[in-house]
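Biologist: I have the sequence and the structure open. Can we go through them piece by piece?

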Amino acid sequence: MRIRLQQIVIDSREPARLVRFWAALLGGEPVDRPDGWAYVVPPGFPALTFQLVPEAKAGKNRLHLDLEVDPGEIPAAVARATELGATPVGGLVVDESGRFHVLTDPDGNEFCFVSD
């Protein structure tokens, strides 16, 4: 038996808006489906699919994306994501595992830019 990751599904109150944020950040063409879903297949990533849900996000994500950038590029990545509608959470963190900066996308979903 072979199991592989096909897509990552993210709940959203506005899938069409959120898919455009992620497509602008990671690349790929946003696709709106007639059933309220949307998706993008960024180069080098599995598909990110956005599922329409009626409720707003509440609490911290139980799963988030860590997006690797080249060493020293975290500030530029944070600036770009912020221009697109992300919100930085706190500042750059440096620990024994490397460096990371937490952000939220326009729907409030946490993600991190990371580097060694």
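Modeller: Strand 6 and strand 7 make a hairpin, with 2 residues between them. Helices (H or I, at least four residues) and strands (E, at least two) are DSSP runs, numbered from the N terminus.

Biologist: In which sense do strand 6 and strand 7 pair, and over how many bridges?

Modeller: Strand 6, residues 87-95, and strand 7, residues 98-104, pair in the antiparallel sense over 6 bridges. Two strands pair if DSSP finds at least two bridges between them.

Biologist: What is the bridge partner of Thr87?

Modeller: Thr104 in strand 7.

Biologist: Is Thr104 buried or exposed?

Modeller: Thr104 counts as buried, at 14% relative accessibility. Buried means under 20% relative accessible area, exposed over 50%, and partly exposed in between (1.4 Å probe, protein chains only). Neighbours within four places in sequence aside, Thr104 is in contact with Ala86, Thr87, Val89, Asn109, Glu110 and Phe111. Contact means heavy atoms within 4.5 Å.

Biologist: Before we go on, what kind of model is this?

Modeller: This is a predicted model: local features need pLDDT of at least 70, side-chain atom pairs count only at pLDDT 80 or more, and totals for chains, interfaces and linings use all residues. Residues are numbered from 1 along each chain as its sequence is written, and side-chain values use heavy atoms, with hydrogens and water left out.

Biologist: What about strand 3 and strand 4?

Modeller: Strand 3, residues 38-40, pairs with strand 4 in the antiparallel sense over 3 bridges. Tyr39 stands opposite Thr49 in strand 4. Strand 3 and strand 4 also form a hairpin with 6 residues between them, and Gly44 in the turn has a positive phi of about 80°.

Biologist: Now the helices. At what angle do helix 1 and helix 2 pack?

Modeller: Helix 1 and helix 2 (residues 74-84) pack at about 150°, with their axes 10 Å apart. Axes are lines fitted to C-alpha atoms, for helices over the stretch in contact, and angles run from 0 to 180 degrees between N-to-C directions. Helix 1 and helix 2 are therefore roughly antiparallel to each other; angles under 35 degrees count as roughly parallel, over 145 as roughly antiparallel, 65 to 115 as roughly perpendicular and the rest as oblique.

Biologist: Which residues meet there?

Modeller: Phe21, Ala24 and Leu25 of helix 1 meet Arg80, Ala81 and Leu84 of helix 2.

Biologist: Last one: where does Gly27 lie?

Modeller: Gly27 is in the loop between helix 1 and strand 2. Gly27 is partly exposed, with a relative accessible area of 22%.
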